[in-house]
Amino acid sequence: MDNVLSFHRGRLPLLISMPHPGILLTPAVEAGLVEEAKPRPDTDWHIPRLYEFAAELGAGTLEANYSRYVIDLNRPADDAPLYASATTGLYPATLFDGAPLYRAGMEPCAEERARYLAEVWTPYHQTLAAELARLKREFGYALLFDAHSIRSCVPHLFDGRLPDFNLGTNAGASCDAQLAERLQAVCARAQDYSHVLNGRFKGGHITRHYGQPQQHIHAVQLELAQCTYMEEQLPFDYREDLAEPTQLVLRQLLQAMLDWGRERYGR
Ligand SMILES: [Zn+2]
């Protein structure tokens, strides 16, 4: 499979991972999807565009081009469930609203799915791991920002309306406590937005697996409510007027990470 990811190396020790903005489907997945799934409603829409400014800050970016309906890059390869509450797996069987993703008996076969693991999941994680290792060699530490977004209301997955900025640090295990405090402070200053740390979204596989503060790799997940930058209904349009002020806060979050790293590690 070609064109599974886009990777741009940065000049600073910060990598932004975007595992869910992709919309490419394989023929086998496309042939089986129910009608409601065809517009890929559960995509982290427009995330690369929203974070376009990050390259100019000096951060690296890694984005997935295949849809999470093919394989979910933010799940472990053994597909252990991420959350005790409702969640979706490595090979999602349902939409976020709980309805089946495939018409009966139309899921891709096991061989087909093994290929997605080898040719989509594995290259993403190899690139991520290799880049974090390079940053650590070069700077003595690495910062990982796992960038996500989701509709603000998904009754099957959580009650009520999600806060705008949902920071996740695996309940404090994926990064230094001071870094998490700095990021929370940035959100608190952004008075037009609500936020939470380690609420419903505590960080998925990427945050949990790569965030090893003892090894000087600090990972944070941001699950952003999509109403802060786009239309949450079809055709899921990007809203420049909403996105611009949201990008100011995102920029402050990334800058706060970089500033913390420079102070903590001296480079
Ligand atoms: Zn996501």
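The answer begins with the metal site and then widens to its surroundings.

A: This is a predicted model, in which local features need pLDDT of at least 70 and side-chain atom pairs count only at pLDDT 80 or more, while totals for chains, interfaces and linings use all residues. Residues are numbered from 1 along each chain as its sequence is written, and side-chain values use heavy atoms, with hydrogens and water left out.

The zinc ion has three protein donors: ND1 of His-20, OD of Asp-44 and ND1 of His-148, which lie 2.1 Å from the ion. A donor is an N, O or S atom within 2.8 Å of the metal (3.2 Å for Na, K and Ca), and a site may look incomplete since water is not among the atoms. Along the sequence, the spacing of these residues is H-x23-D-x103-H. Asp-44 belongs to the loop between helix H1 (27-32) and helix H2 (47-50), whereas His-148 belongs to strand S4 (residues 142-150), so this pair ties together parts that are 104 residues apart in sequence. Helices (H or I, at least four residues) and strands (E, at least two) are DSSP runs numbered from the N terminus.

Buried means under 20%, exposed over 50% and partly exposed in between (1.4 Å probe, protein chains only). In the whole protein chain, 54% of the 267 residues count as buried.

Strand S4, the strand of His-148, also contributes three residues to the lining of the largest cavity, the largest share. S4 and strand S7 (217-225) each supply at least two residues of that lining. The lining has 19 residues, and the closest to the centre of the cavity are Arg-68, Arg-75, Tyr-83, Phe-201 and Glu-223. A cavity is a set of 1 Å grid points where a 1.4 Å probe fits but cannot get out, and a lining residue has an atom within 4 Å of a point.

Finally, the cysteines deserve mention. The count of disulfides (cysteine sulfur pairs within 2.5 Å) is zero. The sulfur of Cys-227 lies 7.8 Å from the closest cysteine sulfur, that of Cys-153, which is too far for a bond. Cys-227 is partly exposed because its relative accessibility is 26%, and Cys-109, at 42%, is also partly exposed.

Terms used. On a 1 Å grid over the protein atoms alone, a cavity is a set of points where a 1.4 Å probe fits but cannot get out, and a pocket is an open set with protein on both sides within 12 Å along at least five of seven lines; lining residues have an atom within 4 Å of a point.
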